[in-house]
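Open your viewer and get ready to select residues one stop at a time. Each stop says what to pick and what is there.

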Amino acid sequence: MARREKWWQAFLPLWQAALVGAAALAGNGLARAAGAGQAGAAFAAASAAAAVAWGVLLLAERRAAEGARLRLIAETSAGVEAALSPSGRLEWISPSIESLAGYTAEQCRHAADLVALLVDPLDQAYARDLWRQAQAGTAGEAELRFCHRRGETIWVGCRWQCVRDAGGALSMLRVSMSSAQVRKATELQLLETVAALRRAQGLSEHYLARNRDERQRLKALLDVIDLGILFVDADCRVRYTNPALSRIWSFEQHGDALLGMRDTRLLQGALTRLDSPDDYRAHVAATQGLRARSAPYEIAFADGRRVREVSVMLTAEGTNRSLGRLWVFEDVTEQRQASEALVRLAERDALTNLYNRRRFHDALEASLAGAQRGAAQIGLMMFDLDGFKPINDRLGHQKGDEVLVAVARAIRRVVRRNEQLFRVGGDEFAILIADANPVALQELAQRVVAEVAGIQVAGTTISASVGYACYPGDAQSQDALVAAADSAMYRAKSAGKNCWQTCNPQGVERH
């Protein structure tokens, strides 16, 4: 097809001249047929020839402009484009081949063997095999090593397409080429890094083999302890884990399956098991740069477990060069539960589960200290049950305990977020109110009196005598505030019970 086009293009000027001549003869004949003289016939012939010639010139100019634009696009593209005949002869190649391989387009077109000129000897057999596949009509792509004119070896990505004529026959092979050197260099560097890691690991294993007995003893020790051990090297890859680590973190993979894994990938899998993953991610990021031993950090798992973690950076002997980081994890769930149980026993009333007298004095001291700094008011309300002793004597202590539990349950419903409820004695209770004011204290006292009055146990109703005081208006110290609230409570009893009183004798009584 390409040969036929070249043959036709070679005779194109002759065809154009013949067309102009035919136009002149036709114009002359038409003029004579119309009865024109010799001069008129000559003028008609010249006009027809000129019109045809002008059309031919316009067509030629348009085709030349279009060809110039296409040539400019092909010659200025970053990649290399080439066209080859089905026999393998290079028909055309863009000038950018020189920047890719160092050879000019002219040198490539005149090369006896383009594969031998451009392709590295190691890939020439492969390139010829690809060429045979292309001649068979198979499109594809591959990466080959080219020999630059300066002697350098460069990687080039090649892609070829089969161009067919209207009859379906292969008329041309279009080949696109671009440099793959940067990507290949990155791949080779990565391979060298991996190889270096493997060599280092091999060297380490060589030295470890000389101390096999010691290593086995150490491994047995780490396998049986309940502490989770994780060692991440300086390249942020896992180098050692023990079985306890997989148990603590519930990893699906364990042992050798974790070796070589990136620490970021291991962390991502661990975060799904935590109660506050963002907090732990921030902790790990802040810890990794520390050279000294990290402070103990307690991790809260979503299933309720608690794990304590410490870590330390290991350095090469006699240098500051980091070898990696050792992480140690200990499941302290049982310890925390035992500790919390002890705290509950120390701070909670066993019967009502309210805070006890010890916690009451601690909370009161802390509240007064905060109030002194912030110039706030603290309210203290004390109340006990009217006629509780006869209930114990007549119905028994079990019914008396039911009364105390019912009171605690009822008063919990009326205290608010800034109010704390305590059982400070047998049937004596206290409420500590932050940011108190007289109106709020009166409303709370009314609610307490009403709630207790609504409790019935074994057909017996009870009531409460309530008194309250406010810091700093009614008292200036912890003991004075307690004494003031107690005094108000006893004045309520003296006033007939089932009511409330303030510590100020002028306060208004409510029944």
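**Stop 1: strands side by side**

Select Val163 and find its opposite in β5, Met172. Keep in mind that this model is predicted. Now show all of β4, residues 153-164. β4 and β5 run antiparallel and are joined by nine bridges. Follow the chain from one to the other: the two strands form a hairpin with five residues between them. Click on Gly168 in that turn, which has a positive phi of about 90 degrees.

Pick Leu84; its bridge partner in β5 is Leu173.

**Stop 2: a helix with two faces**

Move to helix α15, residues 388-395. Which residues of α15 are buried? Select Phe388, Ile391 and Asn392. They sit on the same side of α15, because they cover an arc of only 95 degrees around the axis. An α-helix has 3.6 residues a turn, so residues three or four places apart point the same way.

Now colour Lys389, Asp393 and Arg394. These exposed residues are on the face of α15 turned away from its buried side. What covers the buried residues? The cover includes β11 (378-386), α16 (397-412) and β15 (460-461).

**Stop 3: the largest nonpolar core**

Select Met381, Phe383, Val407, Ile411, Ile431, Val448 and Val466. Of the 34 residues in the largest nonpolar core, these touch the most other members. β11, α15, α16, β13 (428-434), α17 (438-453) and β16 each supply at least two residues of this core. Which element gives the most? Show α16, with seven residues.

Zoom in on Ile411. Beyond its neighbours within four places in sequence, Ile411 is in contact with Phe383, Leu421, Ile431, Val448, Glu451 and Val452. Another core, of 27 residues, lies apart from the largest one. Among its members are Leu84 and Leu173, the bridge partners from the first stop.

**Stop 4: a buried serine**

Finish in strand β16, residues 463-471, and select Ser465. Is Ser465 buried or exposed? Ser465 counts as buried because its relative accessibility is 0%. Show side chains here: that of Ser465 makes a polar contact with the side chain of Asp386, at 2.7 Å. Leaving out residues up to four places away in sequence, Ser465 also touches others, including Met382, Phe383, Lys493 and Cys499.

Notes:
Residues numbered from 1 in each chain as written. Predicted model: local features only at pLDDT ≥ 70, side-chain atom pairs only at ≥ 80, totals over all residues. Heavy atoms only, no water. Helix = DSSP H or I, 4+ residues; strand = E, 2+ residues; numbered from the N terminus. Buried < 20%, exposed > 50% of the residue type's maximum accessible area, 1.4 Å probe, protein only. Polar contact = N/O pair within 3.5 Å; in protein donor to acceptor, adjacent residues only side chain to side chain. Contact = heavy atoms within 4.5 Å. Arc of directions from axis to C-beta. Pairing = 2+ DSSP bridges. Core = buried A, V, L, I, M, F, W, Y, C linked by side-chain atoms within 4.5 Å.
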